[in-house]
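Here are a few notes for a first reading. Please go through them with the structure open.

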Amino acid sequence: MKFDTIKLSELAAIQTGPFGSQLHKEDYVVHGTPIVTVEHLGSRKFTEQNLPCVSDKDKERLEKYVLKTGDIVFSRVGSVDRCSYVSAEYEGWMFSGRCLRVRPCEKLNPEYLYYFFLLEKTKQFVRNIATGATMPSINTKFMGEIPIRVPSLDAQNKIASILWMIDDKIELNKKINKNLEQQAEALFHSLFVENANPTWKDGMLSDLGTVVAGGTPSKTKPEYYSEQGIAWITPKDLSLNKSKFISHGEIDISELGFYKSSATKMPTGTVLFSSRAPIGYIAIAANEITTNQGFKSVVPNENVGTSFMYYLLKFLLPTIEGMASGSTFKEISGAGMKSVPVVIPDNETIEKFNAFCTPIFQQQEVLEAENSRLLISEMHCYLC
């Protein structure tokens with residue numbers, strides 16, 4: 001496919017949002033036209049929580065800051081590579097002074113441009129041209145210098161259509177998984193919180209599973225790491241991968257690295273729990289796995305099972321955070337994790353819950369895997 005490379009300024013109008021001199025916080029109203037701010041950006045759709053609004057009078061006064069379908073809104077400060085697409089449902093909304101609006105010309109498919117901005121190399125370019133060490137920022141001039149790879153309009157339309165359909169499927173899968181998650185969480189709360197049996201015994205987390213710490217092979221030994229070795233997870237991996245199930249992190253460790261470190265192999269179904277920086281990232285091992293020392297994971301006892309342990313740790317998170325210590329950052333120790341107080345339900349109730357969750361977890365894992373494949377298909381579609 002043939003591409004021309006053209007500066008963004010030649011293909012789109014770039015506009016900074018209204019500054020404080022044009023719009024003050026006291027001008028906001030309870031009901032009116034929503035204003036998109038930096039906190040509402042970062043995905044195809046805007047996050048619609050805590051949207052400030054302005055009156056019809058102010059909207060008319062600031063007409064040039066009204067959004068149209070096909071616009072792309074960027075963060076002007078901070079995470080300058082964050083953006084969202086303005087679909088028809090947001091027509092007529094406005095954007096704040098901490099944002100930039102990019103409005104493509106007729107030679108550019110807006111959806112194609114949006115997906116171009118999602119490419120990691122484009123994001124990196126935007127981050128590199130931002131100024132300011134403490135708070136990166138970008139202006140219309142710098143934004144206009146971004147080189148855009150532009151195929152024919154027919155090719156743009158085809159690429160955008162395919163990617164949009166893939167995103168729709170990914171979004172549908174996420175909605176299904178969210179609904180399934182709500183069902184499982186509701187049953188856990190009903191069985192083990194609202195209707196907990198007062199005869200159930202008190203115990204510690206170690207009564208329900210084996211708490212396992214991780215380890216890190218020496219970073220000075222490249223032979224300790226591998227692109228295809230033993231799965232090794234860090235808290236950063238869970239911060240980037242929001243999936244419930246995880247099979248590999250950014251990098252694996254080699255057999256030699258495993259032998260030379262305190263990392264421990266844990267079986268499929270282990271519940272990974274980050275114990276510092278931050279406390280409380282939770283995921284389920286989709287295969288045999290190791291972690292770095294930022295975890296205190298739990299291998300559930302056979303009669304306890306992964307499903308119950310997963311929701312138990314989510315429920316116990318406030319308690320675990322309260323038991324953590326440390327001046328620089330809070331951390332829960334191995335001994336502390338083992339001693340977390342729990343109520344131990346009878347095996348029959350746990351089995352009932354796990355039986356309910358088994359098909360839910362299976363479907364969630366399938367849909368997450370499908371989304372991963374679809375994301376790869378997105379990149380392949382664009383690059384080819």
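1. Which residue in S9 stands opposite Ser-75? The residue is Cys-99. The model is a predicted one, and within it strand S6 (residues 72-75) and strand S9 (residues 99-104) run antiparallel, joined by four bridges.

2. S6 and S9 belong to an open sheet of four strands, ordered S2-S9-S6-S7, with antiparallel pairing. Strand S2 (12-16) and strand S7 (83-85) are the edge strands, each pairing on one side only. On average, neighbouring strands of this sheet are turned by 20° against each other, direction ignored.

3. Helix H2 (residues 110-118) lies across S6, S7 and S9. Relative to S7, H2 runs at about 155°.

4. H2 also meets another helix. Its axis and that of helix H5 (residues 153-194) come within 8 Å and cross at roughly 65°, so H2 is roughly perpendicular to H5. The crossing of H2 and H5 is left-handed.

5. On the H2 side of this contact are Glu-111, Tyr-112 and Tyr-115. On the H5 side are Gln-156, Ile-159, Ala-160, Leu-163, Trp-164 and Asp-167. Sorted by class, the contact of H2 with H5 has six nonpolar, one polar and two charged residues.

6. Leaving aside residues up to four places away in sequence, Thr-33 touches Pro-52, Cys-53, Val-54, Asp-56, Lys-59, Gly-92, Trp-93 and Met-94.

Key:
Residues are numbered from 1 along each chain as its sequence is written. This is a predicted model: local features need pLDDT of at least 70, side-chain atom pairs count only at pLDDT 80 or more; totals for chains, interfaces and linings use all residues. Side-chain values use heavy atoms; hydrogens and water are left out. Contact means heavy atoms within 4.5 Å. Two strands pair if DSSP finds at least two bridges between them. Helices (H or I, at least four residues) and strands (E, at least two) are DSSP runs, numbered from the N terminus. Axes are lines fitted to C-alpha atoms, for helices over the stretch in contact, and angles run from 0 to 180 degrees between N-to-C directions. Angles under 35 degrees count as roughly parallel, over 145 as roughly antiparallel, 65 to 115 as roughly perpendicular and the rest as oblique. A crossing is left-handed if the near helix is turned anticlockwise from the far one by less than a right angle, and right-handed if clockwise. Ala, Val, Leu, Ile, Met, Phe, Trp, Tyr, Cys and Pro count as nonpolar, Asp, Glu, Lys and Arg as charged, and the others, Gly among them, as polar.
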